[in-house]
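Here is a friendly first tour for anyone opening this entry. Have a look around before reading on.

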Amino acid sequence: MNILVIGLNHKTAALDVREKVAFDGDRLDEAMNMLKNSGVVRENIILSTCNRVEIYAAVNDIGPGVESIKNFLSSFHNVPPEFLDKSLYVYTGADAVRHLYRVASSLDSMVVGEPQILGQLKDAFEAALSNRSTGVLLNKLMRKAVSTAKRIRTETKIAESAVSISFAAVELAKKIFDDLSAKSFMLIGAGEMAELAARHLITNGVKKVFVTNRTPARAEELAAEFHGRAVPFEDFIRELLHTDIIICSTGAPHYILKKEQLQRIMKERRQKPVFIIDISVPRNIDPRINDLDNVYLYDIDNLQGIIETNLNERAKEAEKAEKIVEEEIDSFLKWKESLSAAPTIVALRNRAEEIRKAELEKVLRKLGPMEEDRIKSIEYLTVSIVNKIIHPPTAALKADDEDKEQMLDIVQKLFNLKIESNNNDKR
Amino acid sequence: MLQIEINVLLFELALTFYFIAAITGIAELFRGKKASSGATRYLAITGFLFHTANIIVRYIEGGHIPVTDMHEAASFFSWCVLVLFFYHEFRYKMGMLSSFVMPIIFVLMISSAFFSREITTLDPVLDSHWFEIHVILAFMGDAAFAMAFGIGAMYLLQERYVKSRRLGDLFRKLPSLQSLDEINFRLIVLGFSLLSLAIITGIIWAHSAWGSYWRWDPKEVWSLVTWLIYALVLHLRVTVGWRGKKAAVLSIIGFAIVIFAFFGIGLLQKGRHVFL
């Protein structure tokens with residue numbers, strides 16, 4: 001049986017293509033059943049996220065398998081096949097395994113090292129398991145993909161440093177304040193990035209939240225959303241007396257906080273440190289403020305710079321991760337090879353023969369000296385018993401049956417057979 | 001005779017382990033992103049065990065706390081710093097602390113190694129419980145200032161990373177500014193309290209031994225200077241909020257004076273703190 005993957009992701013397909021072929025969670029079972037009933041696809045898993053749609057499958061023959069899955073995609077989503085052809089990629093064999101491992105360990109993600117994809121992959125696998133659309137091959141493959149991803153996470157620093165504005169802001173806040181739960185935070189203005197950073201600070205423990213905005217209604221709205229207090233825009237500088245972290249993002253064309261103003265506040269708050277993130281363009285906070293003691297000001301470029309450095313570091317770590325992927329591919333392919341009939345039959349015969357010889361020797365020793373004829377006939381007896389017992393399973397393994405992989409796996413387990421190349425599997 | 005050799009051997013062993021610990025500690029600063037291996041800590045613990053044994057042997061031999069010559073004083077000083085270091089290392093589990101403290105320990109110990117290691121007897125006039133209380137308070141106080149110095153240096157380094165917006169690997173491994181600042185403050189409070197008590201017990205002891213409270217001997221003067229400096233540090237912090245960078249700089253200056261009072265006076269002049 002062959003493993004293949006057909007799919008598209010953020011690199012090969014624009015959003016308008018991806019959204020057309022994304023699988024709705026409610027229709028996932030229906031989709032997997034359709035594939036199952038195609039007669040060509042023996043096992044399948046559908047992974048559908050906002051950045052990728054991929055079908056992992058085990059098929060007897062690659063050609064018909066690919067065709068059938070492509071047809072399924074266009075008919076299920078009601079799009080012409082040509083529409084997908086430009087975006088779809090197909091990997092088979094070792095390449096398919098590599099692709100899956102790279103996806104699982106987020107080497108193939110838009111942001112390398114992001115943690116969500118592994119969870120999404122696990123969910124997809126769970127769904128396939130409960131739908132019974134997978135078998136021995138994909139089950140093993142998925143488990144190996146998850147363990148590979150975990151190995152990469154622990155052995156490399158691929159997911160260590162912050163690579164988004166809001167993560168970088170929280171990382172810095174923690175290095176300035178240690179425990180964020182005792183700190184207060186003010187959001188000045190609004191905007192997607194600022195709100196995201198605000199939310200991230202709150203999930204990291206900040207409890208006291210102030211919100212201010214030129215439009216009072218907007219301030220009230222955001223205050224309600226963050227369980228904070230709205231502060232009139234004219235008064236926000238006074239409120240800085242009780243604020244430790246500030247995120248500023250307004251459309252003002254000038255500085256709304258000058259060095260002298262904050263200097264006075266700092267004196268009044270007895271120099272308790274203040275961390276200011278100014279993500280507005282043009283800048284809203286006087287850059288000279290960073291010269292004040294115990295004040296740490298970061299603007300959008302400063303944060304962007306940090307992220308860039310961190311991304312470069314991740315890229316370096318990703319190289320290590322790729323090496324781990326290659327190792328794990330080898331180990332999986334060895335396992336898969338062991339699932340072919342010939343070595344299993346040989347191993348089964350050897351095992352039976354071993355037992356036969358050992359038992360025969362024991363009996364002959366017990367019986368003592370004997371005529372050659374008698375020994376011959378006892379030996380003949382053992383040989384024929386073994387052959388009779390072994391014949392049906394051997395025949396079944398040799399037949400080109402539907403569930404051959406499963407049967408091989410079971411036989412190996414039942415007779416505790418060690419196939420030569422099945423030794424790298426740690427599980 | 002044999003005991004002298006044992007205490008010298010123990011001292012050399014302690015010094016060797018502290019030396020290696022200082023090297024590994026400094027190496028940790030440049031180890032990139034890798035987390036601390038803990039090697040420095042275990043080397044320090046091993047050295048500390050030998051060191052403690054050395055002090056016990058000298059205590060038994062001399063019959064008093066071994067602080068009556070420069071060799072003993074510097075060695076006992078490092079021992080007190082290590083006690084505080086282990087407390088902070090295990091209580092707060094701060095990253096990189098050993099990289100800053102172990103070099104200080106090594107410098108103190110190597111200076112101790114330059115002085116004569118003969119065990120001296122204590123003038124019977126001085127031999128009272130006040131002696132033990134006074135020296136333990138004084139040495140632990142100085143040790144707290146030494147720790148505040150190390151923490152202050154960590155603060156300045158970390159603050160430079162945050163302020164300059166260049167966040168290296170070390171930035172990730174160093175503790176947060178707030179916890180460094182708080183621990184620095186707590187150490188100065190501790191050191192200041194111990195120093196105050198040491199001065200008070202010293203006055204009482206002086207009176208019972210010599211009949212006079214205070215004689216402006218250089219050691220006494222410099223203790224007073226140290227006391228005033230740290231009183232100022234605490235005062236500025238509480239009233240005008242001299243925290244963070246300023247507090248860190250002050251704790252470094254303060255410790256420079258402590259070190260001068262500790263070694264400088266002892267080498268330059270002879271007062272009634274004859275041994276130091």
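## Ground rules

This is a predicted model, in which local features need pLDDT of at least 70 and side-chain atom pairs count only at pLDDT 80 or more, while totals for chains, interfaces and linings use all residues. Residues are numbered from 1 along each chain as its sequence is written, chains are lettered from A and ligands numbered from 1 in the order in which they are written, and side-chain values use heavy atoms, with hydrogens and water left out.

For the complex, the predictor reports an ipTM of 0.86 and a pTM of 0.73. Residue by residue, there's pLDDT, the predictor's confidence on a scale from 0 to 100. Chain A has a mean pLDDT of 88, with 97% of its residues at 70 or more. Chain B averages 87, and 92% of its residues score at least 70.

Helices here are DSSP runs (H or I, at least four residues), strands are E runs of at least two, and both are numbered from the N terminus.

## Finding your way around chain A

Chain A is assigned domain 1 (2-160), domain 2 (165-307) and domain 3 (340-425); such bounds come from an automatic or database domain assignment. Taken over C-alpha atoms, the centres of domain 1 and domain 2 of chain A are 42 Å apart.

A couple of backbone details are worth a click. A:V281 and A:P282 are joined by a cis peptide bond, with omega at about -5 degrees, and A:P282 sits in the loop between β9 (274-278) and β10 (295-299) of chain A. A:N78, in the loop between α3 (62-76) and α4 (81-85) of chain A, has a phi near 60 degrees, a positive value in a residue other than glycine.

## Salt bridges

Side chains of opposite charge can pair when their charged atoms come close. A salt bridge here puts a side-chain nitrogen of Lys or Arg within 4 Å of a carboxyl oxygen of Asp or Glu, and the structure holds 31 of them over all chains. One of them links A:R98 and A:D95 (2.9 Å, N to O). Both residues belong to helix α5 (residues 93-104) of chain A, three residues apart, or about one turn of the helix.

## Where the chains meet

How many residues of chain B are in contact with chain A? There are 29, and they touch 28 residues of chain A. Two salt bridges run between the chains, including one between A:D293 and B:K246 (3.4 Å, N to O). On the side of chain B that touches chain A, the elements giving two or more residues are α5, α6, α7 (177-210), α8 (218-240) and α9 (244-268) of chain B. Of these, α5(B) gives the most, with six residues.

Conventions: Contact = heavy atoms within 4.5 Å.
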